[in-house]
Amino acid sequence: MTFFFQLVVSGLSLGMMYALIAIGFVIIFKCSKAFNIAQGYFVMLGGYIGYTLLVPLHLPVWAAFIAAIAIAVVMGLVIERLALRPLVGQPVLAVIMMTIALAGVIEGVAIMGWGGEFKNYPKGVLPEISLELGGVSVSPSNLIALIVSIIVVVALMLMFRYTKIGLAMRATAEDEQVTRGAGIRATTVYALAWIISCVTGVVAGILLSGVSGVMTSNAEIGLKALAVVILGGLDSIGGAVVAGVSLGILELVASGYLDPLMPSGGGLAKVFPFLVMIAVLIIKPHGLFGLKRIERI
Amino acid sequence: MSLPSGTFSQKYGQDMAIMRTKTQWIFLALLVAFLASFPLWASDTVLTFSILAGITIISVHGLNILTGNCGLLSMGHSGFMMVGGYAMAILCSKLGWPFWVALPAAGLIAGVVGIVFGLPSLRIKGFYLIMATVAAYFIIHWLVLQFRDLTGGTEGLSVPRADLFGLTIKGKESYFYMVLVLAVLATVVAKNILRTRAGRAFVAIRDNDLAAEVMGVNLWSYKLQAFFIGCVFAGVAGALSVQYIGFCNVEQFPFFDSVWFLGMLIVGGMGSVSGVIFGVLAIKLLGQVAIRLGPALAEMVNPQAAIGLSNILPSIAIILFLIFAPRGIAHIWQRFKNYYQLWPF
């Protein structure tokens with residue numbers, strides 16, 4: 001039973017990170033109907049930026065987080081203005097290809113800047129808190145990841161509910177034309193959506209790298225987070241959280257129990273979200289909480 | 001379709017023909033002569049580059065039918081190449097099939113796997129379909145590593161040299177000719193598939209699938225046909241690349257390849273057969289530029305700089321094409337042809 005709870009707790013922390021990445025995706029999709037496949041690459045770049053700030057520059061954790069967020073804000077602004085703004089009104093594939101090309105650029109930058117090598121965050125760089133609950137021990141990096149991602153998710157949800165710009169973003173998601181008519185600048189909303197998405201990506205990247213180090217293949221977690229988005233529904237922030245946590249737990253429990261039964265030692269964790277994704281796409285393509293759209297000719 | 005003045009069609013056959021004027025035949029003859037004599041004067045690196053480009057052209061023709069013409073976005077094309085590659089390796093090395101039987105068999109197997117993963121396309125499209133095909137890639141990748149007895153797992157499989165009716169194909173020249181013949185064949189087949197009933201149905205589905213269904217296009221059948229055809233091309237290309245390297249491994253079919261294939265379509269021009277060739281050559285040449293600049297950069301930045309640059313250059317090309325020339329090189333070429341036909345007016 002301890003093994004099971006151990007898996008559930010690690011799964012919870014992994015799931016909150018999935019949720020954090022998925023929210024970045026959902027916000028962009030809600031506001032501008034753009035699918036951002038580069039989300040995972042923000043995560044990977046965030047890990048490298050965090051490494052540079054924390055290890056060679058020896059910044060304290062709070063300063064490093066603020067600096068990383070500042071970099072993410074600039075990155076979001078630049079990406080939105082230079083790459084996505086010219087594509088407003090273009091077909092779906094053009095926007096998807098644009099984010100894929102951005103992914104290529106970010107991967108290239110990561111390889112040029114950091115050599116694409118594996119970098120481990122040394123112990124003690126991120127604060128150490130450990131917790132033990134009835135034989136289940138939670139590793140400090142997992143706990144930090146869990147706490148920070150809960151804070152960010154709650155902050156985003158509060159922002160959407162209670163602030164004026166949050167209201168503007170929700171309104172733009174509902175109907176862009178009407179929002180423009182009401183005097184809200186849609187371009188500001190788009191820019192803000194990309195900024196939030198970059199910030200959540202970079203924060204998730206630092207947290208993830210705290211757990212397992214950073215390398216270019218960290219970007220694959222972004223693809224797995226897309227499974228979360230599909231399970232939760234493309235336009236539901238709450239759905240992203242629920243789906244993220246349940247997929248994170250399911251993934252670790254499934255690989256924990258089924259891997260020993262596999263012919264070549266498993267690796268089920270790598271493929272599990274994709275199996276769920278295919279199943280969801282076939283059975284319920286709009287996800288658990290997504291809005292079902294009726295198509296007209 | 002622009003033709004020089006004075007070209008008239010008097011029979012339906014003439015109207016349908018791809019080659020209409022004497023000039024076109026002359027250019028075709030020059031092209032054939034150029035390609036046939038290529039290995040005689042091309043250097044070793046150029047030859048390697050052309051072989052790999054030829055294999056990629058075959059694969060991207062499939063993606064062009066699937067994505068460019070039928071509008072079914074696929075980001076798992078590299079996974080279907082992997083299926084073809086492993087089919088070739090297993091058929092040749094474990095079952096001892098001759099190369100010329102194994103090649104079409106590999107294409108067919110990839111096509112059938114493509115149909116299986118194309119099933120979700122009946123209910124979903126656009127971004128959802130991209131995600132389904134991404135999932136397809138990772139599931140294929142995982143299955144290949146799981147069935148170690150059959151596929152050799154991470155170690156891979158070695159593939160015996162091709163044997164074509166007693167003639168062993170070895171050396172770059174003979175590979176070049178083999179890939180050349182197959183790439184030309186693939187181009188002709190792709191061009192002609194798009195001119196049949198199925199090809200027109202694909203375009204109708206791309207432009208509006210609901211309207212196509214109302215007009216009597218059987219979505220279920222044609223979407224799966226598009227997946228089958230696209231994946232057959234991918235399977236043949238995968239089989240050829242495995243055969244060329246003489247070894248089959250999952251590392252040969254990285255996920256990002258499927259992304260570059262889509263990028264090649266964008267740069268070349270979605271839905272156009274000549275665009276495929278332009279796109280593949282453009283993106284591959286940019287990769288070569290990055291490799292040439294590599295040693296200089298390695299001293300300035302870091303030893304991995306060439307790999308980074310070979311990601312950045314094509315990506316920036318895709319971004320620029322998306323913003324400034326969304327219809328690709330094929331459209332620019334068409335405009336240029338129209339311009340010189342009318343010159344000096």
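**Helix α12 of chain B and its surroundings**

In this predicted model, α5(B) passes α12(B) in a right-handed crossing. Here α5 covers residues 77-94 of chain B and α12 covers residues 219-245, and the two pack with their axes 7 Å apart at an angle of about 55 degrees.

Let's look at who meets whom. From α5(B) come residues including B:F80, B:M81, B:G84, B:G85 and B:M88, and on the α12(B) side their partners include B:A234, B:G235, B:G238, B:A239 and B:V242. Sorted by class, this contact has 13 nonpolar and seven polar residues, with no charged ones.

Helix α9, residues 172-193 of chain B, packs with α12(B) at about 175 degrees, the axes being 12 Å apart. An angle over 145 degrees counts as roughly antiparallel, so α9(B) is roughly antiparallel to α12(B). In this pair, B:Y175, B:V179, B:L182, B:A186 and B:I193 of α9(B) meet B:I229, B:F233, B:L240 and B:Y244 of α12(B). By class the contact has nine nonpolar residues, and neither polar nor charged ones.

Stepping back to the domains, the assignment for chain B gives domain 1 as 43-253 and domain 2 as 255-345. The C-alpha centres of these two domains of chain B lie 22 Å apart, and 22 residues of domain 1 are in contact with 18 residues of domain 2. On the domain 1 side, α4 (44-69), α5 and α9 of chain B each supply at least two residues. The largest share, 12 residues, comes from α4(B). That side of domain 1 divides into 10 nonpolar, 11 polar and one charged residue.

Finally, chain B also touches chain A: the contact takes 45 residues from chain B and 40 residues from chain A. On the chain B side, α7 (127-146), α11 (209-214), α13 (255-268) and α15 (305-324) each supply at least two residues, and α15(B) gives the largest share, 13 residues. By class, that side of chain B has 33 nonpolar, 10 polar and two charged residues.

As for confidence, chain B has a mean pLDDT of 87, with 97% of its residues at 70 or more. For the complex, the predictor gives an ipTM of 0.83 and a pTM of 0.87.

Technical notes. Residues are numbered from 1 along each chain as its sequence is written. Chains are lettered from A and ligands numbered from 1 in the order in which they are written. This is a predicted model: local features need pLDDT of at least 70, side-chain atom pairs count only at pLDDT 80 or more; totals for chains, interfaces and linings use all residues. pLDDT is the predictor's confidence in each residue, from 0 to 100. Axes are lines fitted to C-alpha atoms, for helices over the stretch in contact, and angles run from 0 to 180 degrees between N-to-C directions. Helices (H or I, at least four residues) and strands (E, at least two) are DSSP runs, numbered from the N terminus. A crossing is left-handed if the near helix is turned anticlockwise from the far one by less than a right angle, and right-handed if clockwise. Two residues are in contact if their C-beta atoms, placed from the backbone, lie within 7 Å. Ala, Val, Leu, Ile, Met, Phe, Trp, Tyr, Cys and Pro count as nonpolar, Asp, Glu, Lys and Arg as charged, and the others, Gly among them, as polar. Angles under 35 degrees count as roughly parallel, over 145 as roughly antiparallel, 65 to 115 as roughly perpendicular and the rest as oblique. Domain bounds come from an automatic or database domain assignment.
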